[in-house]
Amino acid sequence: MHYTGTIWRPPYEASSLIIEATAGCTHHRCKFCTLYDDLPFKFRPSPLEDIEADLLEAQTWYHDPLRKAEERLFELDKADVSRVFLAGANPFGLKTHHLLKIAALVRTYFPQCQSIGCFARVTDITTKADEELADLARAGFNGLTIGIETGDDEALAFMDKGYAAKDIVEQCARLSAANISYAFFYLVGISGSERGIKGARATAEICNRTHPWLIGANMLTVYKSSQLYTEIQAGSWCEAREVEKYEEVKELVSHLGIPVEFAMLGASNPVMLHGHLPEQREQLLATLDAVITDIGEERLRHYRTNLKHL
Ligand code: SF4
């Protein structure tokens with residue numbers, strides 16, 4: 001398989017067939033981000049020949065009769081691929097005609113495949129016309145994961161995310177109109193010390209005007225190679241305490257008024273959490289309270305400073 005560097009995927013894409021469509025990120029400017037530091041270039045779309053070769057290789061694996069027998073023996077359900085996840089920071093930033101060619105290849109090798117997902121930046125949607133989004137939906141694109149990070153405009157601008165909170169609402173409305181569903185990633189701590197509550201309220205406000213099926217919260221972990229670390233050293237930004245980050249999550253969970261899955265499942269979270277809102281709001285808040293009182297700042301910070309890799 002043509003995999004380049006570390007391959008990142010959301011936890012809920014664990015059973016999807018992962019095909020690399022791009023390597024690196026078209027934006028590559030967010031101050032906290034170190035995800036693609038291991039690549040010797042900023043961004044590279046995968047050649048269609050590489051994608052086709054990977055689909056062919058995967059098809060061999062899935063359609064191997066001996067493998068099938070092994071699956072029956074162990075009662076594994078890998079008879080076919082129902083979902084493909086395109087790897088890369090933001091494959092949705094590829095031109096529509098290129099994405100449609102990838103979808104056609106997926107259909108050729110895995111006719112049973114029901115949907116194709118990938119990470120998308122808000123600005124990747126902006127550059128596509130409504131008709132293009134509709135074409136992509138018809139081709140199977142659905143369940144995008146968008147790292148909105150926050151609805152706090154000040155934090156978005158400081159971190160150089162390249163869009164404002166209102167863009168999230170506008171572009172997600174266009175996705176919904178095209179019948180493309182999406183999940184959000186929220187970055188806990190992005191608003192900085194003593195601004196988390198404000199950031200959480202602004203984010204809840206944005207989320208309440210959109211329709212994500214899931215909000216996945218990840219906690220800010222500052223690595224020395226990031227631009228944010230330099231800002232902290234220069235005294236121009238101050239990181240929130242760990243307990244403060246959990247107070248921020250509580251504020252978000254309390255203010256979300258839409259039906260949505262809420263999850264904290266990535267490695268940046270010292271405690272894994274998952275529940276459906278609004279039904280499980282009280283259980284989620286009770287667990288968050290328990291993390292604050294029973295684990296406390298020192299042990300949470302110990303986890304953060306010893307987290308070598310996200
Ligand atoms: S858009 Fe995502 S992958 Fe790209 S630099 Fe920002 S956080 Fe990193």
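View 1. A quick note on the model: it is predicted, so local features need pLDDT of at least 70 and side-chain atom pairs count only at pLDDT 80 or more, while totals for chains, interfaces and linings use all residues. Residue numbers start from 1 along each chain, following the sequence as written.

View 2. Domain 1 puts 26 residues into the contact and domain 2 puts in 31 residues; two residues are in contact if their C-beta atoms, placed from the backbone, lie within 7 Å. On the side of domain 1 that touches domain 2, β5 (115–120), α4 (122–126) and α5 (130–138) each supply at least two residues. Helices (H or I, at least four residues) and strands (E, at least two) are DSSP runs, numbered from the N terminus. The biggest giver on this side of domain 1 is α5, with five residues. By class, this side has 16 nonpolar, six polar and four charged residues, where Ala, Val, Leu, Ile, Met, Phe, Trp, Tyr, Cys and Pro count as nonpolar, Asp, Glu, Lys and Arg as charged, and the others, Gly among them, as polar.

**View 3. Next up is the open sheet.** Eight strands line up as β1-β4-β5-β6-β7-β8-β9-β10, with mixed pairing; two strands pair if DSSP finds at least two bridges between them. At the edges are β1 (17–20) and β10 (273–277), each with a single partner strand, so one side of each has no neighbour in the sheet. From one strand to the next, the twist averages 25°.

**View 4. Zoom in on β4 and β5.** Strand β4 (residues 83–87) runs parallel to β5, and four bridges join the two. Leu86 stands opposite Cys118 in β5.

View 5. Helix α11 (residues 281–305) lies across β9 (260–264) and β10, at about 150° to β10. Axes here are lines fitted to C-alpha atoms, for helices over the stretch in contact, and angles run from 0 to 180 degrees between N-to-C directions. For context, the whole chain has 11 helices and 10 strands, and its C-alpha trace spans about 55 × 45 × 40 Å along the principal axes.
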